[in-house]
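This briefing walks through one model, topic by topic. Please keep the sequence and the 3D view open while reading.

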Amino acid sequence: MIFYFSGTGNTRWAAERLAQETGERLLFIPDEMKKGKCEYELQEGERLGFCFPVHGWQPPRIVRKFIDNSEFKILNSNFIYALVTCGDSIGRTMEMLDKDLRKKGLRLDSAFSLIMPESYVCLPFMYTDTPEREHEKISKASEDLDRYTEMIKERKTDEVHTQRGLTPWTFSHVIGAYFNSYMITDKKFTVDTDLCIHCGKCANVCPTGDLLMKDGTPTWLHDDSCTNCLACYHHCPKHAINYGSITRKRGQYYFGHEK
């Protein structure tokens, strides 16, 4: 059983490959959350995986909420792991995830991270990668994923293959705390109506359904379901969607998109 969340496709790519290689069920966290409080019972020897992108050097709020609202019936034979994607480093994401899981009677057996092309561009020091760097990251991530998959298939415990960065506590508990407290919002998204071609791609790729087309115009619901994944921004073929003014001269990226 693999629970995953993905906005611009990096994590979906990794989770789908894992599911194909392990034969595990693949469940999309936003869809699971629509069911309300969920209960899951693992079979003998079944693996339990959590795959998601790092948001502000922390697990995404939607993932933490899902874990908090779910109950997992596990056996001693079950193997629990997490695989996350990031643009550079993950800080103390795994420690925070493990703490959340322990509240539910679970603990991580192994943890992995993949460096993927950067997609978060709403802070002054964050930009998308060059096409060359995108290719390098995806190529290396593919090799790493093959190695990690074998470890997961063999249920190897105490494997920790992550990039925590030089100051993980500061990034997760200072910058990350600010990010997850004040920047997870859809209120800063705008649409340039002169550029918008009313194609609806933004609404189609929104993982939580927070974005709808009303009278042909992208409209955010402001219902606190936005994860700030920027899928709407990155998939817009005309760069008509922006997050405040900071993204107006920033690049776009989603997995499989050629610049």
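How many cavities of 30 Å³ or more does the count come to? The count comes to two. The model is predicted.

**Cavities and pockets**

- Rolling a probe the size of a water molecule over the atoms shows where empty space is left.
- The largest cavity holds about 100 Å³ of space.
- Its lining is made up of 15 residues. Nearest the centre of this cavity lie Cys 206, Pro 207, Cys 226, Cys 229 and Cys 232.
- The largest pocket has a volume of about 540 Å³.
- A set of 33 residues lines the largest pocket. Val 54, Cys 86, Gly 87, Glu 118 and Tyr 120 lie nearest the pocket's centre.
- At least two lining residues of the largest pocket come from each of α1, β6 and α6.
- Helix α6 gives the most to this lining, with three residues.

**Strands and sheet**

- Six strands make an open sheet, and the pairing is parallel. The order is β2-β1-β4-β6-β7-β8.
- The edge strands are β2 (26-28) and β8 (160-161). Each of these two pairs on one side only.
- Two bridges join β7 and β8 in the parallel sense. Here Phe 112 has His 161 in β8 as its bridge partner.
- Strands β10 (residues 211-214) and β11 (residues 217-220) pair in the antiparallel sense, over four bridges. Leu 211 has Trp 220 in β11 as its bridge partner.
- β10 and β11 form a hairpin, with two residues between them. In the turn, Asp 215 has a positive phi of about 55°.

**Helix α4**

- Is α4 mostly covered or mostly uncovered? It is mostly covered, with seven of its 10 residues buried.
- The buried residues are Thr 93, Met 94, Met 96, Leu 97, Asp 98, Asp 100 and Leu 101.
- Their cover includes the strands β4 (47-53), β6 (79-86) and β7 (110-115). It also includes the helices α3 and α6 (168-182).

**Arg 47, a buried arginine**

- Arg 47 is found in strand β4.
- Its relative accessible area is 10%, so Arg 47 counts as buried.
- A polar atom of the Arg 47 side chain lies 3.1 Å from the backbone oxygen of Lys 153.
- Leaving aside neighbours within four places in sequence, Arg 47 is in contact with residues including Met 1, Thr 22, Glu 24 and Leu 42. Phe 79, Tyr 81, Ile 152, Lys 153 and Arg 155 are also among its contacts.

**Salt bridges**

- Side chains of opposite charge can pair when their charged atoms come close.
- A search of the whole structure finds 18 salt bridges.
- Asp 146 forms one of them with Arg 17. The closest N and O atoms of this pair are 2.6 Å apart.
- Asp 146 lies in helix α5 (residues 131-153) and Arg 17 in helix α1 (residues 10-22), so the pair ties together parts that are 129 residues apart in sequence.
- Asp 146 is partly exposed, at 44% relative accessibility. Arg 17 is also partly exposed, at 24%.
- Asp 100 forms a salt bridge with Arg 64, with the closest N and O atoms 2.7 Å apart.
- This pair links distant parts of the chain: Asp 100 belongs to helix α4 (residues 93-102) and Arg 64 to helix α3 (residues 61-68), 36 residues apart.
- Is Asp 100 buried or exposed? Asp 100 counts as buried, because its relative accessibility is 10%. Arg 64 is partly exposed, with a relative accessible area of 26%.
- Asp 144 forms a salt bridge with Arg 147, the closest N and O atoms being 3.1 Å apart.
- Both Asp 144 and Arg 147 lie in helix α5. They are three residues apart, about one turn of the helix.
- Asp 144 is buried, with a relative accessible area of 7%. Arg 147 is partly exposed, with 40%.
- A network of salt bridges links Glu 21, Glu 150 and Lys 153. The backbone oxygen of Lys 153 is the atom that lies 3.1 Å from the polar side-chain atom of Arg 47.

Terms used: Residues are numbered from 1 along each chain as its sequence is written. This is a predicted model: local features need pLDDT of at least 70, side-chain atom pairs count only at pLDDT 80 or more; totals for chains, interfaces and linings use all residues. Side-chain values use heavy atoms; hydrogens and water are left out. A salt bridge is a side-chain nitrogen of Lys or Arg within 4 Å of a carboxyl oxygen of Asp or Glu. Buried means under 20% relative accessible area, exposed over 50%, partly exposed in between (1.4 Å probe, protein chains only). Contact means heavy atoms within 4.5 Å. A polar contact is a pair of N or O atoms within 3.5 Å; within protein, one must be able to donate a hydrogen and the other to accept it, and residues adjacent in sequence count only if both atoms are side-chain atoms. Two strands pair if DSSP finds at least two bridges between them. On a 1 Å grid over the protein atoms alone, a cavity is a set of points where a 1.4 Å probe fits but cannot get out, and a pocket is an open set with protein on both sides within 12 Å along at least five of seven lines; lining residues have an atom within 4 Å of a point. Grid points are joined across faces, edges and corners, and a volume is the space filled by probe spheres set on the points.
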